[in-house]
Amino acid sequence: MTFGEVGDSPGQFSYPRCIDTQGRFVWVIDKLARVQKIDPSTGRCVGGWRMPDWQNGKPTGITVWTPPAGGATRIIVPDTHYHRVMIYDPDGMGAPDDLMESRGRLIASFGSYGEGEGQFIYPTDVAVLPTPDGAGMKRLYVLEYGGHDRISVFEPAAGGTPGDETRFVYRFSFGKFGSGLGVEFNRPQSMEIDPQRNELIVTDACNHRLGRFTLDGELIAWIGGGIGKGVGQMQYPYGLVLLGGRRAMVAEFGGNRVQVFDLDAGKSLGVYGQAGRSEGQLASPWGVAVWEKSVLVLDSGNNRVQGFSKPGGMWSAAGRGSGGPG
Amino acid sequence: MMATSFTLASMTVGPVQFDMPVWLGLIPILWVMVILMSRRSLAGLGTITRWVAIFVRLVVVALIPAAMAEPQWRREAKDVAVTVIMDSSESVPTSKQKEAEDFIREALAHQDRKEDRLGVITSAKSAFVQALPSKLTRGVERQHLGPLDGTDLAAGVRLGLAVKPQDAANRMLLITDGNQTSGSVLQAAETAKAMGVPIDVLPLKYKYSEEVIVDRLVTPASAREGETLNLRVVLQAVQPAKGRLTILMNGEAVDLDPDSEGLGARVDLKQGINVLSVPVKALSTGPQRFEADFEPDVRDGRMVGDAVVQNNKSLAVTFVSGEGKVLVITEDAAEAQHFLDAMSAAKIKCDVVPADQVPTSLTDLNAFDAVVLFNESAYGFTQKFQEDLRQYVHDTGGGLLMVGGPNAFGAGGWIGSPLEDALPVKLDPPQKRQMPRGALALVMHSVEAPDGTFLGKKVCEAAVNSLSRLDLAGIVEYGWGGGTEWVHKLAPVGDGTAIKRSIQNLMFGDMPDFTPSLELAYEGLSKADAGQRHVIMISDGDPAVPNTSLLDKYVDKKITISTVGVYPHSGADTSRMAYISKYTGGRHYHVNTAKGLANIPQIFIKEAQTVRRSLIWEGQPFLPQVLLGGEALRGMTSVPAITGYVVTAEREGLAQMTLKGKEGDPILAQWQYGLGKAVAYTSDATTRWNTQWVSWASYRQFWEQHMRWVMRPGGSANVRVSTENRGDQTVITVEALDAAGERLNFATFKGRLALPDGRGLDVDLKQVGPGRYQGVVQSDQPGSYVVSLRYAAPDSTQQDGVIEGSVQAAVTRPYADEYRTLEDNTSLLSQVAELTGGRVLTGIAMNEDLWTREGLKMPVALRAFWLWVAIAAISLFLLDVGVRRVRIDIPAMWAAVVGGFTRQEARKAEHVGSLKAAREQARAKMVQRASGLQPEQAVAQAREAVRKAERLSGVKFEASAEQLKRANVNIAIGGAEARVAPTNPPPLPKDAAAQPGEGMGRLLKAKQKAREEMGEEEGEKQ
């Protein structure tokens, strides 16, 4: 399955850079700063909006989150070049023909430029830890790079309604810029939470590795055999999605392929793809997501999304109906 | 029902098309032959077998001609693609363009088949694809990036044909007012017709009922200082109109009516042509720029009597001759003081300006008879000025003097510049010179600004062009195919061909991290044998920063990094890039405006100059050698010593070197370049390298002689030039009088016309009357043209005397024809529709189906499959053989499969045994009956017995049986082992021994042998 093509009409892309899924739909943001909701079965856009500011740069991440116990879905956009996190209500999206004019229904925004608490340089992805009852957000993890690479942790302010959080309080952060074996990042690009194991999985793009952390920021392990094209090696892992059976799939921006890792063993389970323009080939993939029985790879350089079927249940997603890489 | 069509060229049967259907005619003939032949050859087969065999043969002989008929599988397209060509030029009123956009949007809403496609092309002066034909395109929006002051509809149609999809039927929709300023849409429509693409048209109809056009401003092309010029303004009004006319002279308004307030004059225009005369006195020399501007009266915020403002202005230029002057460009007037004093003493008027205040047009440059570049770097000037300056010398006859210094010539980045062509020296040092060279690595990141990729390539070329051929240059970029790499390895520039090829292939990948690129650049540069090593990095600043240890390595090796931040995402990006530059001793440039973007090539030239410092020679004083023949050096046999100069190379051809330095390097050279002259002095004119020169007695004489040699000659004749625009052409008329006021006859003119786009054209003038000369030139571009004429005529007052001189004039095309149109041209559009089989749409989207199939031939994708037909024929032929020659014993085969290999062997032996038994039985019967039968009958019975044996055995294995007999093989029958002893084994035939088991031939021979054997036995018994 393939959908998307270059262009500025709804359903077309101008270098899309992040993807996530919501039920039978996917959400994609491209370099026109358009947040599009697309039906992969038809390839048509069903709605969306344009980010309010885009001259400085466009978002490189998107997270779709629905409380596990049910409730309103939220579209969380780390607005990378405006140093903030924006939370939208998808019910307020514009019609496809109004995509460029619509600004969506923004329900919360926080963050500013800087290296202080609650500030960001370039936020790239957001991961949500639900409350134990699944009714709302317990924590919001925000990933950033720009020389002050770290993960900041926020919690909803007291008095908020679970499932409708709009105000957040900075709690703590962990990580610093670097390439060492400690909690050091060099352009961390995407992040996921494994709810079964209470782990945070992070792609550390310019160090060409995957990191496993506890939810309190302690390093469990680094995974990856350094930069390269070999199995187990990575070249700029940008996209990340968790599969069933403690497996994680990364989209390698530099390697033009996707690779599946066993998170416990720290080993590669296989790679797929090669650089190219034909079907099945990839050009600078930025993201990857699980959609129904397929894996969707955001083939950014080819302005399309390619879907691959899940062979033998290998890709069965583990308790994750939404959320995705940035 | 199966569709069938037939033409001489092809035949279609259902989904199959035969390209050579004539071969199909063989089928009935072959069928008759097969049936006739099969009656005899298949007579021995059983009824069913025979009919099966006949059927198979008929199919085989049908398939062979079918394969030869070149069958192709047809797949007909179902979709229709409509490419909209939208006229975005300024002649179309904005309201009409909005109507067109609404029309398309509404048509999309009423689209029947959602799989049909829509593409969008905008066309003005040139055409651009806005959206390729796609089912996702939702409408047209004007996003035309190119100039809008022209219409080339043909370019739009041609582009539409180029991008039309092959797997859909195509239509085009031309939305325009039908007014084109270039190209021929009818010619393009012919092409569309030939390609089977109908063009529907949607005329954007309008007619200006109120409009005023300033048709032209007529001024004399040339005049003398102090003369009163009679300006004529020609205005065209559709209806009587009132307004204010303003005349500007060199940007300042002329007071047309001293009695009224304001500087303009109120005018009442009658319907039709209005001519107004305005006298103006020429108070200064050089080009005088005039502008006539009409402002209509405004009532209730609306213009009265006028609709289009772009055509309310007209320009004209008059060249006013007077005493010549020189433009001296220097950044430090004090440094040039000795030189300026010399000019002053020689009574040569000079205007002294820094590089950022030079004239911005070629016309303004022509106010000067020569231009002096005093130790000036190339990066101080725009590319346009450099081109103007080259054109100023070559096409308008101006003079050029480049005076050296550490910032001049090759050391100043002039290598590869447009001006290099005008200089009498080569800026690249000769290969024989052993000089330290520079090494430059360009690190390229994606530039997200509009036209970023194009710009990136231009800056790379600018940087590489300014290097000498001995310098090393390389390019590092992030390619999507696998990370950071040298797209051009660090290597000598040479003639630049190889690196420019690499530049054209640049992809400007989105680099995640600076480190790998800078590591790669470091690795290359640190090993390079070069005196100066430098990196220029262009980026939007968001890749991850390099670590300090890498930057320390740069510092250790004295490799500098300059960074160019293009539209950086934030202040953080800027500060990071600036940090990298500062750390390594380079410079940082911040580019976040369109103007800044345009200057990036200059930045790269300046940066590339960093590696060109090695072109400067400095050392002990030495005396340059004076070479004879230099007209400007007359009277001088020696010059003082110098201590430095910029190394250049002698230019072959007409250039003349007059002072020679170390190893034959030129110090002073001169030549005629086109209509003008140029002098290069590679040392300086100050005390830096010329300590003894400034106190030299002949210093003033040296510079005065060179300046007078290089300056454009004034001339003594009274030559007046007038120009008149006629359509796309301009008629240039020259009236020439000598100093006595007599008409100047038999003059020869050498002229050039400098075009607004930087090109030049020769002007050919012919004498058309006493003292009157005329020529015609093409002038279809809007803008200012400069006509430069050098003349020579016999002087009637002196024996063998010659009158020489030069004169300039200007031609102005104030605005494009785009703004002259007052109504639409629907008739042209109707022609286009009629020619191509398209429709003239009404503009009511509900009534129009843009994607109609009417008049369309759906394209068919053909896939040849003759090979498969041929393979089927061969397979069936083998089956035919099998049917007749081989019987398949399915139970036996099944038993073999089930029983495995051992059982299979046993079964095989059983078969062979049964065959043998049958044969023995047949023979016994033959022998027995032969005794009581006629020989013929005996033979026939024997044959029948053989056939029976064949049927019994199920498989004809005569030859194998014979071989088995002869080989004395052990054969298991019924689980017991029996030895079969051959009876009178005959010798094996030679060919059979040589060719064991050769299929059909072997079987036939074995069969023949058996029959002969049986015949012999019968003979013996008889």
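Okay, let's start with a turn in chain A: the hairpin of β25(A) and β26(A) has four residues between its strands, and one of them, A:N303, takes a positive phi near 55°. Most residues other than glycine have a negative phi. Before I go on, this is a predicted model, where local features need pLDDT of at least 70, side-chain atom pairs count only at pLDDT 80 or more, and totals for chains, interfaces and linings use all residues. Residues are numbered from 1 along each chain as its sequence is written, and chains are lettered from A and ligands numbered from 1 in the order in which they are written.

A word on labels: helices (H or I, at least four residues) and strands (E, at least two) are DSSP runs, numbered from the N terminus. Two strands count as paired if DSSP finds at least two bridges between them.

Strand β25 (residues 294-299) of chain A pairs with β26(A) in the antiparallel sense over six bridges, and A:S294 has A:S309 as its bridge partner.

What does the secondary structure of chain A come to? Zero helices and 26 strands. Of the 326 residues in chain A, 52% are buried, meaning that 20 or more other C-beta atoms lie within 10 Å of a residue's own; exposed is 12 or fewer, partly exposed is in between, and C-beta atoms are placed from the backbone.

A:H83 has phi near 60° and is not a glycine. A:H83 sits in the loop between β7 (74-79) and β8 (84-89) of chain A. Then A:R246, also not a glycine, has a phi of about 55°, in the loop between β20 (237-243) and β21 (247-252) of chain A. A:R246 has 16, so it is partly exposed.

Now, where the chains meet. The contact takes 31 residues from chain A and 20 residues from chain B; "in contact" means that the C-beta atoms of two residues, placed from the backbone, lie within 7 Å. On the chain B side, β7 (127-134) and α13 (571-584) each supply at least two residues, and β7(B) gives the most, with three. By class, that side has eight nonpolar, seven polar and five charged residues. For the classes, Ala, Val, Leu, Ile, Met, Phe, Trp, Tyr, Cys and Pro are nonpolar, Asp, Glu, Lys and Arg are charged, and the others, Gly among them, are polar.

Chain B has an open sheet of six strands in the order β28-β27-β26-β29-β30-β31, with mixed pairing. The edges are β28 (483-492) and β31 (588-591) of chain B, each with a single partner strand, so one side of each has no neighbour in the sheet. The twist averages 15° from one strand to the next. Helix α13(B) packs on this sheet, touching β29 (532-539), β30 (560-566) and β31 of chain B, and its direction makes about 165° with that of β30(B). Axes here are lines fitted to C-alpha atoms, for helices over the stretch in contact, and angles run from 0 to 180 degrees between N-to-C directions. Inside the sheet, β26 (residues 438-444) and β27 (residues 472-479) of chain B run parallel over six bridges, with B:V443 opposite B:V476.

There's also an open sheet of four strands in chain B, ordered β39-β40-β44-β43, with antiparallel pairing. Its edge strands are β39 (718-726) and β43 (766-769) of chain B, and the twist averages 30° from one strand to the next.

Last, a helix pair. Helices α6 (residues 337-345) and α16 (residues 699-710) of chain B pack at about 70°, with axes 9 Å apart. They are therefore roughly perpendicular, the name for 65 to 115 degrees; under 35 is roughly parallel, over 145 roughly antiparallel, and the rest oblique. Among the residues making the contact are B:F339 and B:M343 of α6(B) and B:W703 and B:M707 of α16(B). By class, that contact has seven nonpolar, no polar and two charged residues.
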